[in-house]
Amino acid sequence: MTDSEPESFRYEGEVPPGEKRHVRYEIGETYLGDPVEMPVTILNGEAGGPTVGLVAGIHGDELNGVKVLQEVAAEYGPGDLHGTLVCLHVVNVPGYLAQQRDIPIYDQDLNRSFPGRERANTAERMAHEVYRRFVSQCDLVVDFHTSTRNRTTMYHVRADTLNPDVERLAAAFGANVILAGAGDDGSLRGTATRDGIPTITVEMGKAHRFQRPLVEKALEGVESVLAAYDALPDGEVAQPRWQEVLGGNQEKRWLRADTGGLVQMEWGPTPLVHEGETICTISDHFSTEEHVVEAPFTGILVGILENPVAAPGHPLCHLARIDADTHAEIEREIETGEFDGYRLLGLRWMGDGEEAE
Ligand SMILES: [Zn+2]
């Protein structure tokens, strides 16, 4: 791809090679009939190469990726790039304005609406515009998300690693943990991947925040992807000390509450838990009953409930099995202070100094 001739990127306008444009692309209308416009940066390099899509804000309150794209769009110029970078800064504009996950009023999940349709509900119409104009022109896509509100998630990638092209992209991003699996029907990742556009999602931290250490990691990840696909000759490919692909239902599981009550997290101070260890307790208001939730296997906590109340069926934590070697490597890194996964990567230690705002 590196030797290909540079080409214009066409949407409804045109961005020729050697130019960077910030545009607002209409994806709908308000009740007042005013345009709903998505901020887009198109950076067309002076030299030819792949078209790389970066997507944020498909869920309107998931902000870490929005910050990543703001910085990526400012950092690189046409002279740096072989190929084209398409940054969709905020896709779900109505949700972003309301600071909520779904499209307001009808609570439609934009990330279950791809590839969209022209004559359908609001979400599908928006998805259709975004998909046909931008995503379908990309050679690969990275879609940034966070945990949904009231939860937080470890920094990790989700990817259909059975697809070798997707596996390559997931590895190139350089996160330690990759959760393997096909994307949901209607998700951008699932849809684009099935259409032959390798797509990964990056899950990072919590909603409603800019979490600087996670943003820094993701900026390194973007640089690594661009470098690995020869789109950024001066870029650095990430060399994670360990990278684990976790897949299958035996290997990762949401543990759910079986009783209603007050949740007390007991795990820590690291996200490693051994089989049989107490992860949390759920007690009633009179402290007469207490249910202990134990780790069903040895693993790493990749997602955690933060809202400390639960009803039966509520997710408490997302546990992924890891092998003994990885476990030992993480423990070693924790001891030497090298493992930033537990202080910085979005688990409850992220709350240090942050909850007091
Ligand atoms: Zn999301």
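1. Strand E8 (residues 151-159) and strand E9 (residues 177-180) run parallel and are joined by 3 bridges. Within this pair, alanine 159 stands opposite alanine 180 of E9. Helices (H or I, at least four residues) and strands (E, at least two) are DSSP runs numbered from the N terminus, and two strands pair if DSSP finds at least two bridges between them. The model is a predicted one: local features need pLDDT of at least 70, side-chain atom pairs count only at pLDDT 80 or more, and totals for chains, interfaces and linings use all residues. Residues are numbered from 1 along each chain as its sequence is written.

2. E8, helix H4 (residues 164-173) and E9 together make a right-handed β-α-β unit. The term right-handed applies if, with the strands pointing away from the viewer, the path from the first strand over the helix to the second runs clockwise.

3. With strand E10 (residues 199-205) it pairs in the antiparallel sense over 4 bridges, and valine 157 has valine 202 as its bridge partner in E10. Strand E17 (residues 299-305) also runs antiparallel to E8, with 3 bridges between them; here threonine 152 stands opposite isoleucine 304.

4. Is strand E8 enclosed or open? Of its 9 residues, 8 are buried, so E8 is largely enclosed by the rest of the structure. A residue is buried if 20 or more other C-beta atoms lie within 10 Å of its own, exposed if 12 or fewer, and partly exposed in between, with C-beta atoms placed from the backbone.

5. Strand E5 (residues 47-55) is likewise mostly covered, with 8 of its 9 residues buried. It runs parallel to strand E6 (residues 82-88), to which 6 bridges join it, and leucine 54 stands opposite cysteine 87 in E6. From E5 the chain crosses through helix H1 (residues 64-75) to E6, a right-handed β-α-β crossover. E5 is also joined in parallel to strand E7 (residues 140-145) by 4 bridges, where valine 52 has leucine 140 as its bridge partner.

6. The domain assignment gives domain 1 (9-244) and domain 2 (249-351); such bounds come from an automatic or database domain assignment. The centres of the two domains, taken over C-alpha atoms, are 29 Å apart.

7. Which residues have the most contacts inside the largest nonpolar core? They are Leu88 and Phe173, in a core of 92 residues. Both domain 1 and domain 2 give residues to this core, so it lies between them. A nonpolar core is a set of buried Ala, Val, Leu, Ile, Met, Phe, Trp, Tyr and Cys residues joined through C-beta atoms within 7 Å. Leaving aside neighbours within four places in sequence, phenylalanine 173 is in contact with Val142, Val157, Ile200, Val202, Gly221, Ser224 and Val225; contact requires C-beta atoms, placed from the backbone, to lie within 7 Å.

8. An open sheet of 4 strands has the order E16-E15-E13-E18, with antiparallel pairing. Its edge strands are E16 (290-294) and E18 (309-310), each pairing on one side only. Strand E15 (residues 278-283) pairs with E16 in the antiparallel sense over 5 bridges, and isoleucine 282 stands opposite histidine 291 in E16.

9. Some backbone details deserve attention. The peptide bond from phenylalanine 114 to proline 115 is cis, with omega near 0°, and proline 115 is placed in the loop between helix H2 (93-98) and helix H3 (122-133). Aspartate 107 lies in the loop between H2 and H3 and has a positive phi, near 50°. With 11 C-beta neighbours inside 10 Å, aspartate 107 counts as exposed. Phi of aspartate 230 is also positive, near 60°; this residue is found in the loop between helix H6 (212-228) and strand E11 (244-246). Aspartate 230 counts as partly exposed because it has 16 C-beta neighbours inside 10 Å.

10. The UniProt record, an unreviewed entry, places the feature "domain: Succinylglutamate desuccinylase/Aspartoacylase catalytic" at residues 49-228. UniProt positions are given in the numbering used here, feature names are shortened, and annotations may be inferred rather than shown by experiment. Over residues 49-228 the chain is 36% helix and 22% strand, with the end C-alpha atoms 12 Å apart.

Definitions and conventions:
Two residues are in contact if their C-beta atoms, placed from the backbone, lie within 7 Å.
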